[in-house]
Amino acid sequence: MQKKIIFTEKAPTPIGPYNQAVLIGNTLYTSGQIALHPQTGELILDDIETETRQVMENMKAVLAAADMTFADVVKTSIFIINMADFARINSVYGSYFDEKTAPARETVQVACLPKNVNVEISMVAIQ
């Protein structure tokens, strides 16, 4: 199978040697998204809900660039700095999925994330 690189200007440009997503066959592997505004490159860190919403909007743009939606997501990984923010992150995250068909997921508290953000999310989607 051929590897296809997915890129959209509607999500932040990668800041290192990686791509926004890679499509292999009908499976999409996304890189982690943080709350960078795609046009300005500014971090959106007003509060954890706004930050999480920006992450999910960035992910929505990456999925769309591969002709996919959140309905195609089968697995997510959420990395957070403070587990006390879990309920607030989960509320925003959950608004993007139908609970009956939501993907598998793990949520892990970590010591630090790129650019000192509070949340990073990556996904695997299959069409």
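Figure 1. Buried residues account for 41% of the 127 residues in the protein. The model shown is predicted. The C-alpha trace spans about 40 × 35 × 25 Å along its principal axes.

Figure 2. The protein contains 2 helices and 6 strands. Along the sequence, they follow the pattern β-β-β-α-β-α-β-β. The radius of gyration is 14 Å, close to the 14 Å that the globule rule gives for 127 residues, so the protein is as compact as a globular protein of that length. How many of the contacts between residues at least 6 apart in sequence join residues at least 24 apart? The share is 68%.

**Figure 3. Helix H1 against helix H2.** Two packed helices are described by the angle between their axes and the distance between the axes. Here, H1 covers residues 48-65 and H2 covers residues 86-94. Their axes come within 9 Å and cross at roughly 35°. The crossing of H1 and H2 is right-handed. From H1, the contact uses Ile48, Glu49, Thr52, Arg53 and Met56. From H2, it uses Arg88, Ile89, Val92 and Tyr93. The residues of this contact divide into 5 nonpolar, 1 polar and 3 charged.

Figure 4. Thr52 lies in helix H1. Is Thr52 buried or exposed? Its relative accessibility is 0%, so Thr52 counts as buried; the cut-off for buried is under 20%. Leaving aside residues up to four places away in sequence, Thr52 touches Ile89, Val92, Tyr93 and Val119. Ile89, Val92 and Tyr93 belong to the H2 side of the helix contact.

Figure 5. Leu45 sits in the loop between strand E3 (27-30) and H1. Leu45 has a relative accessible area of 35%, so it is partly exposed; that class runs between the 20% limit for buried and the 50% limit for exposed. Which residues does Leu45 touch, not counting residues up to four places away in sequence? They are Glu51, Val117 and Asn118.

**Figure 6. Leu45 and Lys4 in one view.** In sequence, Leu45 and Lys4 are 41 residues apart. In space, the two are 32 Å apart, C-alpha to C-alpha.

Note on methods
Residues are numbered from 1 along each chain as its sequence is written. This is a predicted model: local features need pLDDT of at least 70, side-chain atom pairs count only at pLDDT 80 or more; totals for chains, interfaces and linings use all residues. Side-chain values use heavy atoms; hydrogens and water are left out. Axes are lines fitted to C-alpha atoms, for helices over the stretch in contact, and angles run from 0 to 180 degrees between N-to-C directions. Helices (H or I, at least four residues) and strands (E, at least two) are DSSP runs, numbered from the N terminus. A crossing is left-handed if the near helix is turned anticlockwise from the far one by less than a right angle, and right-handed if clockwise. Contact means heavy atoms within 4.5 Å. Ala, Val, Leu, Ile, Met, Phe, Trp, Tyr, Cys and Pro count as nonpolar, Asp, Glu, Lys and Arg as charged, and the others, Gly among them, as polar. The radius of gyration is taken over C-alpha atoms; the globule rule is 2.2 Å times the number of residues to the power 0.38. Buried means under 20% relative accessible area, exposed over 50%, partly exposed in between (1.4 Å probe, protein chains only).
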